Amino acid sequence: MTAHEAQLPLIVESLEDAIRATVQAIGGFKRVGAEMKVDMPADAAGRWLSDCLNPERRERLTPSELAYIRRRARQAGVHMLAAYEARDAGYAEPVPVEPEDERAALQRAFVESTKQLQQMLRRLQEIGGDRA
């Protein structure tokens with residue numbers, strides 16, 4: 001078990017709870033806030049991020065800011081936020097794709113599509129003579 005896994009709660013009851021737990025696991029409000037708001041001092045950026053998750057404050061995360069947190073969490077091996085969002089929307093647990101797995105899958109798809117194009121070209125030549 002890694003250090004960040006030890007910090008994660010077993011159950012979260014809201015999106016805000018999932019984001020809070022994720023932010024804590026990937027470095028804390030001050031660090032993540034400073035990454036997101038490079039023009040702010042780290043303390044202020046941390047307060048801003050905390051305020052975004054406080055229902056009594058006006059600040060809210062934009063979709064792109066939420067996506068940033070989700071991507072950072074994925075890089076750190078923390079999947080709580082993605083899992084919460086999937087369950088909440090009625091999807092199965094997410095399965096992270098390793099970059100090499102994605103690369104191999106794309107290469108296989110490319111080779112397969114090339115074969116299909118060659119087959120289509122042959123068939124066009126068969127039925128249409130030299131027009132292809």
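Which residues of helix α4 (residues 42-52) are buried? The close-ups below start there. This is a predicted model, in which local features need pLDDT of at least 70, side-chain atom pairs count only at pLDDT 80 or more, and totals for chains, interfaces and linings use all residues. Residues are numbered from 1 along each chain as its sequence is written, and side-chain values use heavy atoms, with hydrogens and water left out.

**View 1. The buried residues of helix α4.** They are A45, G46, W48, L49, D51 and C52. Buried means under 20% relative accessible area, exposed means over 50%, and partly exposed lies in between (1.4 Å probe, protein chains only). Helices are DSSP runs (H or I, at least four residues), numbered from the N terminus. The cover over these buried residues includes α2 (15-25), α3 (29-36) and α5 (63-76); contact here means heavy atoms within 4.5 Å.

**View 2. Helix α3 against helix α4.** The two axes come within 7 Å and cross at roughly 100°. Axes are lines fitted to C-alpha atoms, for helices over the stretch in contact, and angles run from 0 to 180 degrees between N-to-C directions. The pair is therefore roughly perpendicular, a label for angles of 65 to 115 degrees. On the α3 side, look for F29, K30, V32, G33, A34 and M36; on the α4 side, for A42, D43, A45, G46, W48, L49 and S50. By class, this contact has eight nonpolar, three polar and two charged residues. Ala, Val, Leu, Ile, Met, Phe, Trp, Tyr, Cys and Pro count as nonpolar, Asp, Glu, Lys and Arg as charged, and the others, Gly among them, as polar.

**View 3. A salt bridge between R57 and D51.** Their side chains meet at 3.1 Å, N to O. A salt bridge is a side-chain nitrogen of Lys or Arg within 4 Å of a carboxyl oxygen of Asp or Glu, and the whole structure has nine. D51 is buried at 16% relative accessibility, whereas R57 is partly exposed at 40%.

View 4. D17 and R20 pair at 2.8 Å, N to O. They sit three residues apart in α2, about one helical turn. D17 is partly exposed at 32%, and R20 is partly exposed at 29%.

View 5. The closest N and O atoms of R123 and E126 are 3.2 Å apart. R123 is partly exposed, with a relative accessible area of 48%, while E126 is exposed at 56%.

Methods:
Helices (H or I, at least four residues) and strands (E, at least two) are DSSP runs, numbered from the N terminus. Angles under 35 degrees count as roughly parallel, over 145 as roughly antiparallel, 65 to 115 as roughly perpendicular and the rest as oblique.
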